[in-house]
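Please read it alongside the model.

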Amino acid sequence: MKKLIPVIIIIGILLIGGMWYVNTNNTLVDMKGQATKQWANVESSYQRRSDLIGNLVKTVQGAADFERGTLKDVIEARSKATSTTIDANNLTPEKLAQFQQVQSGLSSALSRLLVTVERYPDLKSNQNFLELQSQLEGTENRINVERNRFNDLAGEYNIKIKKIPTNIIANIANFDPLALFSSKPRAEDAPDVDFNFD
């Protein structure tokens, strides 16, 4: 009987270690899965924006004397933005930076379009245009909310895989950190505003 005690202890330790491994692995799978699902929500919001921009461009094209260069910039930026996708399981900082860059290009082109519209009273009073503009504003807010939720979930997951002893299982099972959204370079700098109307 005394010879069985060390065997029982070893089996007990292996059983406890195995249960800990399975439990920790399942927790990491769940956390990464939640972050991945949230990434799909981010992409869905960007897709909604792209769809709205397509409708907005069609509405603006109806204004015969509208600047064609501005429309062309928006159409090209939209094309780049819709062609740049990231696999949720491969969210590297480099790929996320590329994704952010093309989305920022689209945001910039869209901003220029909306500023240019100010010179067209007929277009500014077009009910379809006004509704699309309002939906775009709401979608921009939704994008920000979805990105923040993604950052929250991915950040919790990233912290969890770095903590001891979870990091042992994360390394064994190849749980890599997820890239997070960050602000554009120099976004913390206040913009220069010139009220000189000369």
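E140 is partly exposed, with a relative accessible area of 29%. In this predicted model, E140 pairs with R49 in a salt bridge. The structure holds 4 salt bridges, among them the pairs below.

**R49 and E140**
- The N to O distance between these side chains is 3.1 Å.
- R49 sits in helix α1 (residues 4-61), and E140 sits in helix α5 (residues 127-162).
- The pair links distant parts of the chain, 91 residues apart.
- R49 is buried, because its relative accessible area of 1% falls under 20%.
- E140, at 29%, lies between the 20% and 50% cut-offs, so it counts as partly exposed.

**K72 and E76**
- K72 and E76 form a salt bridge, with their closest N and O atoms 3.7 Å apart.
- Both residues belong to helix α2 (residues 68-83).
- They are 4 residues apart, about one turn of the helix.
- E76 is partly exposed, with a relative accessible area of 40%.

**D73 and R112**
- The side chains of D73 and R112 meet in a salt bridge at 4.0 Å, N to O.
- D73 is in helix α2 and R112 is in helix α3 (residues 93-117), so this pair ties together parts that are 39 residues apart in sequence.
- R112 is partly exposed at 41% relative accessibility.
- D73 is also partly exposed, with a relative accessible area of 33%.

**Background**
- Side chains of opposite charge can pair when their charged atoms come close.

Note on methods: Residues numbered from 1 in each chain as written. Predicted model: local features only at pLDDT ≥ 70, side-chain atom pairs only at ≥ 80, totals over all residues. Heavy atoms only, no water. Helix = DSSP H or I, 4+ residues; strand = E, 2+ residues; numbered from the N terminus. Buried < 20%, exposed > 50% of the residue type's maximum accessible area, 1.4 Å probe, protein only.
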